[in-house]
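Dear colleague,

My notes on it follow directly after.

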Amino acid sequence: MTMTTTPATTRHSVVELTQVSRWYGNVVAVNDVTMTIGPGVTGLLGPNGAGKSTLLHMMAGFLAPSGGTATLNGQRIWRNHEIYRLVGLVPEKEGVYGFLTGWQFVLSAARLHGLPSPADAAARALDLVEMAGPKDRRIETYSKGMRQRVKVAAALVHDPQVLLLDEPFNGMDPRQRLHLMDLVRQLGEQGRTILFSSHILEEVERVAQQIEVLVAGRHAASGDYREIRRRMTDRPHRFRVRSSDDRRLAAALIADPSSSAVSLTDQGIEVQAVDFPRFTSLLPKLARDLDVHLWQVSPTDEDLESVFSYLISRSSV
Amino acid sequence: MNAVVADITYRAMLGRKRIWLLALLPAALIGMAALLRLIGGPDEHTAVILMEKFSIGTMLPLLGLIAGTGVIAPEIEDGTIIHLLAKPISRPVIALTKFVVAASLVAVFGALSTFIAAFLLIRDESGVAYGFALGALLGGVAYAAVFMLVGVITRHAVTVGVIYALVWEGLVGGYVPGARTFSIQQWATSIADRISSSPFLTSDVSLGFAVSAVVVVTVGSLVWAGQRLRSLSLTGDE
């Protein structure tokens with residue numbers, strides 16, 4: 001079951017998945033996903049192995065759904081090369097010819113699209129990603145971030161209505177990352193339909209208005225990121241605490257309503273905090289008052305996997 | 001045909017170390033012919049054996065394998081093929097273009113070197129040079145198409161190709177008479193046999209069958225490769 005928040009504005013449907021599943025043998029990679037990706041920037045968020053790339057490949061026409069349908073403006077995507085007039089694709093895999101220069105690579109994309117002025121289009125696209133300077137160097141001499149940017153330039157060369165990016169910020173340095181984030185945001189504001197996948201929540205927050213969350217092949221959440229973020233912060237936080245006197249500290253913690261469960265283990269105290277701010281201010285005070293030394297305070301469920309699992313459990317309540 | 005696809009494919013095939021793979025065997029063939037010529041009057045029998053065993057029997061299938069798989073298999077393996085496929089170009093056109101590049105390379109490195117070597121040895125005696133050049137050309141075209149198809153349908157294209165060339169053509173085709181009918185090597189030899197008047201060259205397959213088989217296998221492989229390319233899937237790392 002999917003947890004959905006209503007988008008602030010009415011959107012036109014562009015890429016549409018209806019009850020899409022994909023399995024490899026007995027392994028289900030994507031399970032009964034229905035989603036509509038319209039104008040603006042949408043982030044496809046999920047932990048590694050959640051099925052993001054599989055879903056993106058089905059939207060890009062590089063994977064047939066095992067069940068359900070994937071369409072672009074009502075047209076079937078699979079085995080339909082005409083969709084690429086509207087779609088720009090930035091795959092996660094390297095996917096660049098190292099022996100070509102950046103210029104030759106982007107120009108070849110423009111010529112493959114049959115554009116009337118391929119050289120002008122290539123120059124414009126390279127400018128957009130700030131790669132005009134090193135354009136005459138062979139791609140094999142580029143850093144990973146530079147390769148990523150020429151891939152984006154090649155995907156943008158025909159000014160596509162739909163842009164699909166698979167983990168586009170991987171390998172970029174912070175400055176390049178911010179630049180590409182700005183570019184993606186601007187393109188979204190111009191009315192293009194942009195979907196990018198990421199396993200990093202902060203990347204998605206910065207760029208996307210709309211988030212689709214995928215966990216273990218299931219569509220776990222959909223909607224405005226603030227709403228999803230709020231739900232994420234509603235969940236109890238689990239901590240492991242090691243101290244000079246675990247027993248005394250545990251007794252004091254359980255007496256306070258900020259913790260709903262406290263247990264003593266071989267590795268220290270496991271605490272489930274329901275009031276995060278109160279717990280974090282209480283713990284050092286208690287330690288000081290009880291004269292207990294704190295050796296370790298670490299969250300045990302801060303990884304995205306557990307955040308997403310929480311979303312799944314919330315959505316199925 | 002798509003000029004951009006052809007341009008990128010030629011650059012990939014000729015601009016790197018692979019050109020040495022393509023040039024090595026033809027250079028060895030011409031070198032051997034030149035050496036035989038230098039050390040004393042090569043006869044027609046020697047020329048026919050060299051052409052049959054080395055040129056058609058060894059060099060041609062290997063060149064077909066290098067060119068046929070080389071035009072597409074590495075791109076599928078490393079994902080660069082997406083640059084070509086994510087464009088509004090029909091996939092069969094991409095397959096046809098890749099095939100034309102492979103076939104042209106086999107023609108230049110295979111058929112032309114065969115002609116030069118045979119001509120070096122015995123000039124135009126009994127039409128041996130012309131016969132083997134044409135046989136190598138048509139056989140090479142069929143090899144290029146078949147191995148390109150293998151490159152599209154399996155990630156183990158080179159292994160499959162080597163097994164085909166060594167086991168089927170080298171062993172079964174060489175010693176089992178019925179299997180020769182279905183051997184590209186035999187079709188190439190039969191074309192050379194029919195064009196040349198050399199008494200040292202014999203073949204089991206008729207010219208009509210050999211030419212028809214080359215056409216059917218080439219066109220069939222191309223159509224199949226085009227269709228497979230339409231359904232090419234990316235599985236991702238997940």
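Helices H2 and H4 of chain A cross each other in a right-handed sense. This is a predicted model, and the remarks here should be read accordingly. H2(A) comprises residues 102-112 and H4(A) residues 144-156; the two pack at an angle of about 25 degrees, with their axes 8 Å apart. Because angles under 35 degrees count as roughly parallel, H2(A) is described as roughly parallel to H4(A). From H2(A), the contact involves A:Gly102, A:Phe105, A:Val106 and A:Ala109, which meet A:Val150, A:Ala153 and A:Ala154 of H4(A). Of the residues in this contact, six are nonpolar, one is polar and none is charged.

Chain A also contains an open sheet of four strands, arranged in the order S13-S14-S12-S15 with antiparallel pairing. Its edges are formed by strand S13 (259-265) and strand S15 (294-299), each of which pairs on one side only. From one strand to the next, the twist averages 20 degrees. Within the sheet, strand S12 (residues 237-243) and strand S14 (residues 268-273) of chain A run antiparallel and are joined by five bridges. A:Arg240 has A:Glu270 of S14(A) opposite. Helix H8 (residues 246-254) of chain A packs on this sheet, where H8 touches S12, S13 and S14. The direction of H8 makes about 165 degrees with that of S13(A).

Turning to chain B, an unreviewed UniProt entry annotates residues 19-39, 54-73, 93-122, 128-150, 157-176 and 205-225 as "transmembrane region". Two of these spans may be described further. Residues 54-73 of chain B are 90% helix and 0% strand, and their end C-alpha atoms lie 26 Å apart. For residues 128-150 of chain B, the figures are 100% helix and 0% strand, with 32 Å between the end C-alpha atoms.

Helix H7 (residues 128-153) and helix H11 (residues 207-230) of chain B pack at an angle of about 25 degrees, with their axes 9 Å apart. H7(B) and H11(B) are therefore roughly parallel to each other, and their crossing is left-handed. Among the residues in contact are B:Leu138, B:Val141 and B:Ala142 of H7(B), and B:Val214, B:Thr218 and B:Arg228 of H11(B). By class, the contact of H7(B) with H11(B) has 15 nonpolar residues, two polar and one charged.

With kind regards

Notes
Residues are numbered from 1 along each chain as its sequence is written. Chains are lettered from A and ligands numbered from 1 in the order in which they are written. This is a predicted model: local features need pLDDT of at least 70, side-chain atom pairs count only at pLDDT 80 or more; totals for chains, interfaces and linings use all residues. UniProt positions are given in the numbering used here, feature names are shortened, and annotations may be inferred rather than shown by experiment. Two strands pair if DSSP finds at least two bridges between them. Axes are lines fitted to C-alpha atoms, for helices over the stretch in contact, and angles run from 0 to 180 degrees between N-to-C directions. Two residues are in contact if their C-beta atoms, placed from the backbone, lie within 7 Å. Angles under 35 degrees count as roughly parallel, over 145 as roughly antiparallel, 65 to 115 as roughly perpendicular and the rest as oblique. A crossing is left-handed if the near helix is turned anticlockwise from the far one by less than a right angle, and right-handed if clockwise. Ala, Val, Leu, Ile, Met, Phe, Trp, Tyr, Cys and Pro count as nonpolar, Asp, Glu, Lys and Arg as charged, and the others, Gly among them, as polar.
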